[in-house]
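Thanks for making time this morning.

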Amino acid sequence: MIKLLPGQISNQWDFIRAGLLVALPPITIPTAENLRTILVQMLCEHMQCWAVLGEDKEVKGYVLTYISKDPHTNARTLIIYSLCLNEMVSKETWETGFETLDKFAKANDCFRIAAYTNIPEVISIVKKFNFSSDYTYLIKDVI
């Protein structure tokens, strides 16, 4: 897994955007304006975009992250905002991906990595990498 630079994000935006349309977290709505805002955040490097590479070095998908800072305690958490894979990847690819995110989180003084998902297969895989699913994210639309 490699962190993309702004120019690479621009070049691959159509693929990244397509992934976001199917893997946007439950904290936002997939409008054109919101997707443009996410693009701007990545280009300004307030969000990070990671290309997931398979063993053949081809892009298999994208992971979007950002660092959340608790406004009350200043505790920093690396949030996995979105994960979209075009095809399943090997255990080794998952391992190197989590190692990469772990190093990035440590380098940025994060004490935790957190993610949103409702996909049982992803939950099963991440538990093997010491993620906890003890919390439930509750939502209620007010529209």
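Let me begin at Thr77, whose bridge partner in E5 is Arg112. This belongs to the pairing of strand E4 (residues 76-85) with E5, which is parallel and runs over four bridges; strands here are DSSP runs of E with at least two residues, helices are runs of H or I with at least four residues, both numbered from the N terminus, and two strands pair if DSSP finds at least two bridges between them.

Before I go further, please keep in mind that this is a predicted model, in which local features need pLDDT of at least 70 and side-chain atom pairs count only at pLDDT 80 or more, while totals for chains, interfaces and linings use all residues. Residues are numbered from 1 along each chain as its sequence is written, and side-chain values use heavy atoms, with hydrogens and water left out.

Taken as a whole, the sheet is open and mixed, with five strands in the order E1-E2-E3-E4-E5. At its edges are E1 and strand E5 (112-115), each of which pairs on one side only.

Which residue stands opposite Trp50 of E2? That is Lys3, and the strands concerned, E1 (residues 2-3) and E2, are antiparallel with two bridges between them. On to E3 (residues 59-69), which is joined to E2 by seven bridges, again antiparallel, with Gln48 opposite Thr65. These two strands form a hairpin with five residues between them, and in the turn Lys57 has a positive phi of about 70 degrees. Six of the seven residues of E2 (residues 47-53) are buried, so this strand is largely enclosed by the rest of the structure; buried means under 20% relative accessible area, exposed over 50%, and partly exposed in between, with a 1.4 Å probe and protein chains only.

Turning to charges, the whole structure holds five salt bridges, each being a side-chain nitrogen of Lys or Arg within 4 Å of a carboxyl oxygen of Asp or Glu. One of them joins Glu45 and Lys3, at 3.3 Å from N to O. Since Glu45 lies in the loop between H3 and E2 and Lys3 in strand E1, the pair ties together parts that are 42 residues apart in sequence.

Another pairs Asp56 with Lys60, with the closest N and O atoms 3.0 Å apart. Is Lys60 buried or exposed? At 10% relative accessibility Lys60 counts as buried, whereas Asp56 is partly exposed at 46%.
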